[in-house]
Structure formats: structure tokens, C-alpha cells
Amino acid sequence: MKSLKTALAALVLAGFAMPAAAFEPERAECIAPANPGGGFDLTCRVAQRALEPALPSPMEVTFMPGGIGAVAYAHMNSNRIDDPNVIVALSSGSALNIAQGKFGADFDENDARWLASAGADFGAVIVRADSPFQTLGELMEAAEADPSGIVLGAGGSIGSQDWMKAALLMRSIGVDPRNLRYVAYEGGGASKAALLGGQIQVYTGDVSEMAGELGAGTMRILAVLSEERLPEPFAEFPTAREEGYDVVWTIFRGYYMGQGVSDEAYDWWVARFEEAYADPRFADIRAEQGLFEFNLAGAEFDTYVKEQVASFRELAREAGLIQ
């Protein structure tokens, strides 16, 4: 009896020590750092659907436009630096802006925990269905004759990813991209609305943003900026290379977390994405959003993003955008 009482007392003094419960997000959230309808939106939708079986409740998608990701990056580094419940959508455009210092002088590629990829995407040259330009060649001939006579628009200011696509195309024919009439919008949704509304004639966007538009008959893809023709439903569209312009722009889409998030929380999210990659459902979800296979998570994705930022920094120097 005495030994039993001694054992019970020991348990009380130990605080009934039990193994801590494994991490699980209380309320999962994905921040899309732009307005609805663009690439960041679809990136969050991929996570929302793919991770649904692993989450205790449906993932919430929050829109936080501003600076093509700059506002969200600052928000994460000031208000939610260690929040284990939130992931943020990013793309190669985010990496390009970080490389140019557009996310603020105080922030660089080391101020986030790069989490996982959603898939790959490619640039596209898009016009309205009733555009007089039937081919990329016709558009480029018009631009060569009068660069200021064509109004282009896309998400982000001069130096952004979408501007870079147009700039590289113009440079391929000897046209100074600074002579372009370029209108900046906050994301792909606003850019497509401007194209349909007639405010711009050409949108240098992304293939994935057109996945839900192909059957509507309102816009056309003149060319995709991939190395080779893409599979269905984009197989009919030629590459810029096929049209005689050696321009390729590959886009990665993925997610990051606050730099102060614990290893336990970060590793939990990494494991969930790795499980999703192995599930055939993920390939279907990705394809429905117009994305292509590109699976990296954890340390591999972290290394990849930082290498991309370094590469974009060099590209920006070559373009005269930074010193």
C-alpha cells in the first residue's frame, strides 16, 4: 500500500508527465498575395484541395494584394512571423521581386521558410478573341515597326515577372523594352479584366491562368514561353521558339511560411505536401489549375528558391534594373 501511495505521489510531483501531442494546425490558412482570379489564387486552391484530407477543418483562403507579394511578405515578417497555421503562395515572380529589393530593403530571401512547390507554369502571350493579331509573328512585326503603338499590360510594375516576359520578347527583335507602353495591374485577374475591357491589347500572363478560359472564347493564346509544346489542353498553341523567337519563361509556384515558425510545424507541413505528391489526386488537382509537375518540399525547395533569387538578381543587373 505504501509503495502504491509513493508511486501516486511521484506522478503528482511529475505533473502527470505525458508525451506532448503532435503538431496540427488549429485553423489552416493560405494567403494569396493578390486579388482573386490570378496565379496566387489558383496556387492556394491547389493546397486547399490537396491537403483537405490531412487538415482538421477546411483551409481558408485570404487575399492580401499589394506589390505582387510585398505586402504579404511584410505582414508575415511583422505580424505572423511564427504563426504555424498559415502558408503563403509565391511564384518565381515573387523571387524576382525579392532579387530586386522590391519586397523592401529590410527583407531578402532569408526572411521566410520556403515550404513546398505546387507545380510549374509557363509564360504566355494572350490577346482578346477579336484581336487583329492572329500570330505572335504579327504582333512582333507590329511592335518592331512601332513599339509604342501597342499597349501591353500585366501583373506588376516594370521589372516584374510579367514585364520581363514582354521585355525579353522585345529584346529578341532589337526593340528597347523601355519604349513599350506598359500598364501595371495587381495580379492576373485584374490584367485579364483589363484585356477584356479593351484597356490593353496584349497580356503577357501565365498558361495556368488560361485553364478556365479556353472554352469561353473570349481570349486567345498566341504563344507559350515553354521549351516545347505543352500537353493538352494547351497542345494546339505554338511556342515562341516555334515562331522564331528564342524566349522561354518557366514559372514555379509554391508556398512559404514565416521565418520564425518552429521546426515541428514546418516539418508537419512538409510531410503533408510530400504525402500529397504521392497521391494521384494531386496530379489531377494540379492539372485542373493548368499546372505541370514540379514536386519539391522542405530543404530541397528552400535551396531551389534561394538559387532562383540569385539567378534573377543577375538577370535584373543585366537588364539594368539594379546595380
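The model is a predicted one. One disulfide is found in the whole structure. The largest nonpolar core has 73 residues, and a second, separate core has 36.

**Disulfide**

- Cys-30 and Cys-44 are joined by a disulfide, with an S to S distance of 2.1 Å.
- Cys-30 belongs to strand 1 (residues 29–32) and Cys-44 to helix 2 (residues 39–50), so the pair ties together parts that are 14 residues apart in sequence.
- The disulfide is left-handed, because the torsion about the S-S bond of Cys-30 and Cys-44 is about -75 degrees.
- Cys-30 counts as buried because its relative accessibility is 0%.
- Cys-44 likewise counts as buried, at 0% relative accessibility.

**Helix 10**

- The buried residues of helix 10 are Phe-301, Asp-302, Val-305, Val-309, Phe-312, Arg-313, Leu-315 and Ala-316.
- In an α-helix with 3.6 residues a turn, residues three or four places apart point the same way.
- Ala-299, Glu-300, Glu-307 and Glu-318 are exposed on the other side of helix 10.
- The elements that cover the buried residues of helix 10 include strand 3 (86–91), helix 4, strand 4 (113–128), helix 6 (161–171) and strand 9 (250–257).
- Just after helix 10, Gly-320 has a positive phi of about 75 degrees.

**Phe-312 and its partners**

- Phe-312 lies in helix 10 and counts as buried because its relative accessibility is 7%, where the cut-off for buried is under 20%.
- Leaving out residues up to four places away in sequence, Phe-312 touches Ser-92, Ala-95, Leu-96, Ala-99 and Trp-249.
- Phe-312 and Ala-99 are 213 residues apart along the chain, and 6.0 Å separates their C-alpha atoms.

**Ser-92**

- Ser-92 is placed in helix 4 (residues 92–99).
- Ser-92 counts as buried because its relative accessibility is 0%.
- The side chains of Ser-92 and Gln-161 make a polar contact at 2.4 Å.
- Residues up to four places away in sequence aside, Ser-92 touches Gln-161, Trp-249, Thr-250, Ile-251, Phe-252 and Phe-312.

**Nonpolar cores**

- In soluble globular proteins, nonpolar side chains tend to be buried together.
- Within the largest nonpolar core, of 73 residues, Trp-114, Leu-136, Leu-169 and Tyr-256 have the most contacts.
- Strand 4 supplies the largest share of this core, seven residues.
- Apart from neighbours within four places in sequence, Trp-114 is in contact with Tyr-73, Leu-90, Ile-98, Glu-109, Tyr-255, Tyr-256, Tyr-266, Gly-298, Phe-301, Asp-302, Val-305 and Lys-306. Among these contacts of Trp-114, Phe-301, Asp-302 and Val-305 are also buried residues of helix 10.
- The second, separate core has 36 residues, including Val-46, Leu-51, Leu-55 and Ala-276.

How values were computed. Residues are numbered from 1 along each chain as its sequence is written. This is a predicted model: local features need pLDDT of at least 70, side-chain atom pairs count only at pLDDT 80 or more; totals for chains, interfaces and linings use all residues. Side-chain values use heavy atoms; hydrogens and water are left out. Helices (H or I, at least four residues) and strands (E, at least two) are DSSP runs, numbered from the N terminus. Buried means under 20% relative accessible area, exposed over 50%, partly exposed in between (1.4 Å probe, protein chains only). A polar contact is a pair of N or O atoms within 3.5 Å; within protein, one must be able to donate a hydrogen and the other to accept it, and residues adjacent in sequence count only if both atoms are side-chain atoms. Contact means heavy atoms within 4.5 Å. A disulfide is a pair of cysteine sulfur atoms within 2.5 Å. A nonpolar core is a set of buried Ala, Val, Leu, Ile, Met, Phe, Trp, Tyr and Cys residues joined through side-chain atoms within 4.5 Å.
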